[in-house]
Amino acid sequence: MVRQIHVLHPKRHHPLCARHNAPETCLTEYYQPPLRPDGFYSAYNVRGIEVDSNGVAWAACGSGQIGAFDRTKCKVVNGPSATGQHCPEGWTIYDTPGPKQLGQVVGSADWHYLAWVDLYNGLGLGEDVPVVNGTMSDSLVALLPGGEFVFLRVPYPMGFYMRSVEARIDDPDGGWKGRGMWTSYQEVPLWHIESGEGTFGKVAKFQARPDPLAH
């Protein structure tokens, strides 16, 4: 199944689109990940989307990939030729590291469920860094500028399973100690991790030090 990125915006002549009769008075744009020459989608099963401060939409893909979509690169955005495959130039697809499933052509065996963008450098890896859930790799996966991946894991108990993510900056002048990224550690798989039946949900806080020995 291929999920599509939808962009909803009001028609110029109908200022009440956002409040009244939106389906009838608004335009919808949709963009599919581009097809490869062999007919496969370059990414598929888009699960969650976040937009950075530059207007780029970052998509977490169940195909073990992260997709970046920049609408400003599109030559066509609507009209009769806008069939979904009309803006391949707007997409950049990143395969996340890891093994592939048997017969898998693109991506990895990881399952990225939701996307989050660190707009204000709450984690400490930089502004506008996208982060996705690495469900099958017990991790959060951050993509740095230039294409480098950073995996964030909880060392114990093993079986880190997360969904929502948010950052908080308590002290803008406090260096790495004044900021952090928070995520839930819960859901159904909790009883299947190292600590076993009866395990309670947790909250995990991540902070990126400038070097391992930083104080």
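Leaving aside its neighbours within four places in sequence, which residues is Val154 in contact with? In this predicted model, local features need pLDDT of at least 70, side-chain atom pairs count only at pLDDT 80 or more, and totals for chains, interfaces and linings use all residues. Residues are numbered from 1 along each chain as its sequence is written, and side-chain values use heavy atoms, with hydrogens and water left out.

Beyond those neighbours, Val154 is in contact (heavy atoms within 4.5 Å) with Phe160, Tyr185, Ala204 and Phe206. Val154 also belongs to the largest nonpolar core, a set of 19 residues in which Leu140, Leu152, Val154, Phe160, Met181, Tyr185 and Phe206 touch the most other members. A nonpolar core here is a set of buried Ala, Val, Leu, Ile, Met, Phe, Trp, Tyr and Cys residues joined through side-chain atoms within 4.5 Å, where buried means under 20% relative accessible area, exposed over 50%, and partly exposed in between (1.4 Å probe, protein chains only). At least two residues of this core come from each of β8 (129–134), β9 (139–143), β10 (149–152), β12 (179–185) and β13 (202–206); strands are DSSP runs (E, at least two residues), numbered from the N terminus. Another core, of eleven residues, lies apart from it and includes Ala60, Ala68, Leu143 and Phe149.

Gln32 lies between β2 (26–31) and β3 (46–51), and is buried, with a relative accessible area of 14%. Its side chain makes a polar contact with that of Gln85 (3.1 Å); such a contact is a pair of N or O atoms within 3.5 Å, and within protein one must be able to donate a hydrogen and the other to accept it, while residues adjacent in sequence count only if both atoms are side-chain atoms. Asn45 is placed in the loop between β2 and β3 and counts as buried at 14% relative accessibility. The side chains of Asn45 and Arg47 make a polar contact (3.2 Å). Although Asn45 and Gly62 are 17 residues apart in sequence, their C-alpha atoms are 5.0 Å apart.

Most residues other than glycine have a negative phi. Asn45, however, has a positive phi of about 60°, and phi of Asp128 is near 65°. Asp128 sits in the loop between β7 (115–118) and β8 and is buried, with a relative accessible area of 15%.

Note on methods. Helix = DSSP H or I, 4+ residues; strand = E, 2+ residues; numbered from the N terminus.
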